[in-house]
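Here are a few friendly notes to read alongside the structure. Please keep the 3D view open as you go.

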Amino acid sequence: MLTELESALNNFIEIYHKYSMEKGNVHALYRDDLKRLLEAECPQYIKKKDADTWFKELDINKDNAINFEEFLTLVIKVGVASHEDFHKE
């Protein structure tokens, strides 16, 4: 049986693959994939920063794709913002 944290980690992987597999490359989210992911999974956070801005910020190695490690940067940034919002309420 998985712990809550292990389940959360598996969810990050499943969400990444849900969008990366749309073009058949399990290791890459392209600009339009990331936009769909953000619109569906993080709608509150694209109000503050659009998908193109997120893509430029996340594509650290400048290969025009977001790999899983780069995706985790998004998870961290959105997680920090969500945590801050949580404590404002």
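Predicted model: local features only at pLDDT ≥ 70, side-chain atom pairs only at ≥ 80, totals over all residues.

1. Residues are numbered from 1 along each chain as its sequence is written, and side-chain values use heavy atoms, with hydrogens and water left out.

2. Start with helix α2, residues 31–41, whose buried residues are Asp33, Leu34, Leu37 and Leu38 (buried means under 20% relative accessible area, with a 1.4 Å probe and protein chains only; helices are DSSP runs of H or I, at least four residues, numbered from the N terminus). Seen down the axis of α2, these residues fall within an arc of 130°, so they line one face of the helix; the arc is that of the directions from the helix axis to the C-beta atoms.

3. What covers that buried set? The cover includes α1, α3 (43–46), α4 (51–58) and α5 (68–88).

4. Now look at the largest nonpolar core, which has 18 residues (a set of buried Ala, Val, Leu, Ile, Met, Phe, Trp, Tyr and Cys residues joined through side-chain atoms within 4.5 Å). Helix α5 gives the most to this core, with five residues.

5. Leu74 is among the residues with the most contacts inside the core. Leaving aside neighbours within four places in sequence, Leu74 is in contact (heavy atoms within 4.5 Å) with Leu34, Leu37, Leu38, Trp54 and Leu58.

6. Finally, find Leu5 in helix α1. Leu5 counts as exposed because its relative accessibility is 58%, and exposed means over 50%.

Methods. Helix = DSSP H or I, 4+ residues; strand = E, 2+ residues; numbered from the N terminus.
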